[in-house]
Structure formats: structure tokens, C-alpha cells
Amino acid sequence: MEKFILNKLIELKDEQIVSFHIPGHKSGKIFKKLGYDKFLDKIYTLDTTEIEGTDNLHNAKEIIKSSQERTAKIFNSDESIYLVNGSTCGVEAAIMATCEPKSKIITNRDCHQSVINACILGNIEPIYIKSNICKETNIINGVEVKEVKKIIDDNLDAKVIILTYPTYYGSVYDLKTICEYAHSKDMIVVVDEAHGAHLQLSDELPKSSILQGADIIIQSTHKTLPAFTQSSIMHINGDRVNKNKLFSMLRFLESSSPSYLLMSSLELAVDIYDKYGQELMNDLLDNINEFKLNINNKFNKDKENIIIRNEMDKTKIFISLKNIGITGYELDELLRQEYKIQCELSNYYGILLICTIGNEKEDFNKLELALEDIFIKYFARNINKDNKNYKEQNNIYKKILKMSSYPEEIPIKAINPRDAFYSEKKTIKMEDSIGKISGEYIIPYPPGISLISPGEIITTEIITYIQEGVKNGMIVSGIKDANLEYIDIIDIG
Ligand SMILES: Cc1ncc(COP(=O)(O)O)c(C=O)c1O
């Protein structure tokens, strides 16, 4: 039989993989649990376009307008706009509507690609703020307020700052102070809150940027709440933003036939958030706490054999088995192949799990059992499974994991991203590229953060890091040669 994408999706669904990845509805389990499946069963009959009665996302006056107004109330924003092309288009529209061509925008170096893409499209110069990297885990921890203020002071001609908050890994920082400082310098604050649509569901979670003074906030509802992939929301607060320009830019960048299925899915996610969100979030946080407690009691009494990082946004769990010699890439593979557990991403040191209100207690039980099994199989093979006395662990399987640190230094920019994009390129061997101007991106994926962008000078540190990373299982995107033997550079003669 011919293989369709659909067949593959059905095959995977039948495998009943435990989802610790996006989308937040976790294979639709939450819809069934809360009785929303009755609506979703009819979904194929509901796909439509702008006809009488369905309103128009690009000029909402009726049913879409009232739905968005309800959403704004629930999320405590002045205005909320549904996005059907993901946060990618929200970030791009926000940047290009607020920054004039040839102006500057301040952003964290670990920004999503859409920020740099908007700079290419809009001929905007990005000014980067260094992000902190945890050397033990390669987790990116976000920016420091002191550093942000310094960059603002050094670039008072910039009119906009865009920050990722929380980071992909759930790290946060004092955004309120940054908003106040940026506003005092007459700057608009845009927050890429792609990973934080759920933050207002519990006081145990960091505060959403909606409540901290940001002017435009973009959330990927599909990532951390139960909405279909590509459904996001843009929230607008205060009167610093020219909304006419913003809405025009959204009309340029978003489909002229916005999907009603995605808009409906956003509405359902908001309804679930409103009616059941807090209770489900409390359950989720309890399940996560119990999971951590069990792991620590079982494996970490004497020393940290299974490292768990879960400090700020507690719905993100980073697990590392590096102390027992298993890389994050290996752990990712093992969980998926042997235990049918899919995590969100892996780096050399560990894996990231994205937990949402769509996860059940059972998911954490399965994860706990899988980790126990891996621990016994790969580390303490000689120990009697019933004995559970891991004190006398056998170290023969242990290998030392050590990889070069994530390159923290921001590469020197020789040419603006837009000029670099349109420049003539020359393909050369990767090892000959040090000191040359890159003509393409190098983006370890996920998390999709560019190590080098077009127009920046390639360094030894970056080349070493990716070559070593790829040897160990890292996936790199943004570059033409998937084998990473060659790279396009800009030959300025
Ligand atoms: C920080 C960040 N911003 C924006 C995006 C884009 O979001 P979307 O997938 O909704 O387009 C992503 C996607 O992974 C992201 O990680």
C-alpha cells in the first residue's frame, strides 16, 4: 500500500508513545478526558473559510472578535490576537512593525531564528545580549539584568528590545525590572513567551511577562497548552505599540486564509485553561514533585547519580545521566526505542521533558520505571534487582563524559544579516573557514539557537564545538551541507 503521512501518524498513534514533548495536548488525551472529543470528532466537517457568519481573523468584528476578547480577559491582557502561523509569524510581525528599516533591535543571543529572520526581512540590525550557559548541563539560562541594562545604555538609539522568557529550558529572570528600565529609555518591550503560555496557571510558576509590563507578548499555545500545532496567541498591553502597523504586518506574514480549525483549537485550549487549568496544573506539579522525590530517594541518596534540574518553570524537567556515563543523546534514544517515551530534546549531557496539563500520573510512573531499568541495566548490572542497594555500585560501565562547553562568546559581526543573506557566497572546507565571514547559519537543533549567523566571523571554538557535537549525536540545521564538511562563506575579496 502507498505510504501516506497519515499512515505513519496512525502507526505512531497506535504505538501509544508517552509524550514529554510538544504539542501540549499530548496526543489529544486531554480532549478525551475532559469530554471535548465530541467536538473534535466532527472536525473535518468544520473546516471552512470566510463566509457569512464566520468573521475574518484579519479584520475581526463578530465571532472571532468576541472570542479574542474573552481570551484577553482570561490571560489578563488588554488585547489578544489569534495566530495561525505559530509564534514564528508573531515574532516576525512584532519586530517588523515596531522597528524601522536600518534601525537596531536588542535581543538575547539565544533568540529564536525568527528574530534573526525578521532582521533579514526588515533590514534591522540585531544587537545581542550574552546568555548564560550552565557548564554542567549545557542548559541556556537566559540573560542577566545587569548585562541587559548595559546593552540598553550602550544602544539608546534602539527603539525595541525582544527577549525570550522563559527560555526553552524554563529559566527566567527579573523581567519586570528590565521592562521598567527599557520603558524609561523609551523602548518597546516584546517578549517571546513561546514556552510560557501556561505560566498564569499557578503561583508556583514564574510570573508571565503579561503581568510584568511587556508591551507585546507572543505565546505558542500549542507548546504548553492543549492547542493544535501552529496555534499561538499575541497579547498586546498598553499604548506604546502602533496596532495598525502591527495588524498590517500580520496580514502580510500570515495566511490570507487563516485556518478555522486552528482558531477553534485555540478557543478550546483557552476554555480548558479557564475551566480546568489551575486544578490540572496543581495535579501536574504534584506528579512532578513525587517523581523527583522518588528518583532522589531511589538513586541519589549518596551522590547525584541521576541529575534532575527543575528549578524555575517546574513544568520543564532536565534529566542527566552523565554521572553514570550515558549521554543525553543515548538516553533520548533509549527512552524512545525501548520504553516508548519521547522527550522534547537532548543535548550531550541530558534530555529535556516538556510536561503539560495534558500529562497524566501514569506518564511519570512509566518514566520512573524506565529510568530505574536503565540505571540497573547500564550502570549497576551486577546488583541484584530486588536488593535495590545501589550503594556498592559497580563502576566498570562508567565512562567520563566531557565535551567542549557551549561557545558563549558572541561572534564578531562583520556584515548585517540582511547584507550577508544577499551577498555572493563561496563554498569552502569547514576547517578552512576559521576567521572567515559565515554565509549561513549553524544551528544545533533543537533548541534551534544559532551558533553562528550569516555575516558573523567563524571561530575555532564554534567549529570545534559542532564537529565534536556531531560526532556525539548532535543534529545541526541551517547549513546546506548536512555532513558539515563544507560551509558557505562570504568572499569580500
Ligand atoms: C523561543 C522560541 N520562540 C519562538 C518559537 C517559534 O514558535 P512556533 O513553533 O509557535 O512558530 C520557538 C519554537 O520552537 C521557540 O523555541
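Start by selecting Lys298 and Glu368: their side chains meet in a salt bridge, 3.0 Å from N to O (a side-chain nitrogen of Lys or Arg within 4 Å of a carboxyl oxygen of Asp or Glu). This pair ties together distant parts of the chain, with Lys298 in helix H12 and Glu368 in helix H14, 70 residues apart (helices are DSSP runs of H or I, at least four residues, numbered from the N terminus). Lys298 is partly exposed at 30% relative accessible area, while Glu368 is buried at 10% (buried is under 20%, exposed over 50%, partly exposed in between, with a 1.4 Å probe and protein chains only).

A word on the model: it is predicted, so local features need pLDDT of at least 70 and side-chain atom pairs 80 or more, while totals for chains, interfaces and linings use all residues. Residues are numbered from 1 along each chain as its sequence is written, and side-chain values use heavy atoms, leaving out hydrogens and water.

Next, pick Lys361 and Glu290, another salt bridge, with the closest N and O atoms 3.1 Å apart. Here Lys361 sits in helix H14 and Glu290 in helix H12, 71 residues apart. Lys361 is partly exposed at 35%, and Glu290 is partly exposed at 35% too.

Now jump to Lys65 and Glu69, whose side chains form a salt bridge at 3.0 Å, N to O. They are four residues apart in helix H5 (residues 63-74), so about one helical turn separates them.

How many salt bridges are there by this rule? The count is 27.

Key: Helices (H or I, at least four residues) and strands (E, at least two) are DSSP runs, numbered from the N terminus.
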